[in-house]
Amino acid sequence: MDDREILQRLTDLGIELPPVPKPVAAYVPVRIAGDVAFVAGQVPMVDGRVMHPGRLGDPEYHVTPDEGTAAAGRAALQALAALRDALGGSFERLRGIAQVTVYLATAPDFIDHPTVANGASEVLVQALGDAGTHARAAIGVASLPLGSCVEVAVTAAIVSRA
Amino acid sequence: MDDREILQRLTDLGIELPPVPKPVAAYVPVRIAGDVAFVAGQVPMVDGRVMHPGRLGDPEYHVTPDEGTAAAGRAALQALAALRDALGGSFERLRGIAQVTVYLATAPDFIDHPTVANGASEVLVQALGDAGTHARAAIGVASLPLGSCVEVAVTAAIVSRA
Amino acid sequence: MDDREILQRLTDLGIELPPVPKPVAAYVPVRIAGDVAFVAGQVPMVDGRVMHPGRLGDPEYHVTPDEGTAAAGRAALQALAALRDALGGSFERLRGIAQVTVYLATAPDFIDHPTVANGASEVLVQALGDAGTHARAAIGVASLPLGSCVEVAVTAAIVSRA
């Protein structure tokens, strides 16, 4: 894909690629197998802190759907930044997004996963156009690292090295 | 794989491929990266409604293992239908199923994930024979979209386009 | 990769590849799509029993972080054993690990997923060196098969058959 065009589109939207978060443990941000790039699960971080920690639908430790949606968008942007970094600082070798799994920390009776997960999906389509569309799974889980309300795992289609 | 043969096998089993559910959000049913096709997580739908909403092992919002197993089978069939559709309306380019992740909405003390997840696995093997066998993960989660008791995410091996 | 070297490294660390667990249901331990090998989710087993069943951060059905870490390591070793077995009894065709998803059974307020998930990551790096590094997602879930406190799903990069 055209690196300049994508960066320009993000600029036009007033979106800046966030810094690539350093893994908080013994792993790496991106690994490639053939035509597929696997990005580590992203917990949304702002200024070194988890963005909107808490649980969706939980009266005690509350996160609103809007906050969750924003956090999902941030995590997706981090995944994009990590991808670009791993592909040599350019989106040139990126073909598109393949799969996105959005894990949401929720109370057991929460049902509106699609709306919150759209926060991630829409950022990817805004940034990459049609190539940003993807197969998606949205899952409500018991807990996430650092108390995050969302974690986003992205798999991308890339041009494999000859 | 042979498209007619697979359809015939399903007919012999009295199984009909369900309509491909439209994603309820900003994503697509299937995306391909090289030799791998990623199918969006499927929530089992019948006549526009979630099949057997609820939680496994939950006394208040109950789904029986048999209901869960049937719902998992339905979700797997939807994944097959989505795959066929994305591959041009034929199983010709399908090599087989690679990975299946079965997410079950459960109470915390539920332990019989394998039995319920078999509902998905067995449908895939019935439809595709040996090529339908797959690596599988079965996970008990807090909540799923629309209150579904199961969501099935399928990854398939396909013949990549030259 | 060099099969002998990896086995030697494991021996030097006092680590033995465990037996490949037989799937407890209708699936197979490993499936390959092109350059990618998908390993079934591994529940850590010792002598036919789940290692350290329970939940992290749960006062009633307790598993300590150290126990969880050990269990995650065991599950990762099982994934390695399954991979080697599926690749013809040798690591020769293995390029490296691509993605690891560590599912932890947790109480809702557990936050230290990275530490426990490191149990899996570190075993893979110990065994395979740099090729063992991977993209990772760590997720806290409601329940796992057989009451396990951890399930580890590994995806590997391999040399595809011509």
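Author: Let's start with V159(C), which sits in the segment after β9 of chain C; strands (E, at least two residues) and helices (H or I, at least four) are DSSP runs, numbered from the N terminus. Keep in mind that this is a predicted model, where local features need pLDDT of at least 70, side-chain atom pairs count only at pLDDT 80 or more, and totals for chains, interfaces and linings use all residues, while side-chain values use heavy atoms, leaving out hydrogens and water. Residues are numbered from 1 along each chain as its sequence is written, with chains lettered from A and ligands numbered from 1 in the order in which they are written.

V159(C) counts as partly exposed because its relative accessibility is 33%, and that label falls between buried (under 20% relative accessible area) and exposed (over 50%), using a 1.4 Å probe and protein chains only. Leaving aside residues up to four places away in sequence, V159(C) touches R93(C) and R95(C); a contact is heavy atoms within 4.5 Å. G68(C) is another story: 91 residues away along the chain, its C-alpha atom is 33 Å from that of V159(C).

Step back to β9 itself. In chain C, β9 (150-158) and β7 (94-105) each give at least two residues to the lining of the largest cavity, and so do β7 and β9 of chain A and of chain B. A cavity here is a set of points on a 1 Å grid over the protein atoms alone where a 1.4 Å probe fits but cannot get out, and lining residues have an atom within 4 Å of a point. That cavity holds about 320 Å³, a volume being the space filled by probe spheres set on points joined across faces, edges and corners. Of its 24 lining residues, Q99(A), T101(A), Q99(B), T101(B) and Q99(C) are nearest the centre. The lining has 15 nonpolar, nine polar and no charged residues; Ala, Val, Leu, Ile, Met, Phe, Trp, Tyr, Cys and Pro count as nonpolar, Asp, Glu, Lys and Arg as charged, and the others, Gly among them, as polar.

Chain C also meets chain B, with 28 residues of chain C and 33 of chain B in the contact. On the chain C side, R31(C), F38(C) and S143(C) lose the most area to chain B, together 27% of what that side buries. The two chains bury about 2,000 Å² between them, 61% of it on carbon and sulfur atoms; buried area is the accessible area (1.4 Å probe) that two parts lose on being put together, summed over both.

Key
1 Å grid on protein atoms, 1.4 Å probe; cavity = no way out; pocket = protein on both sides within 12 Å on 5 of 7 lines; lining within 4 Å.
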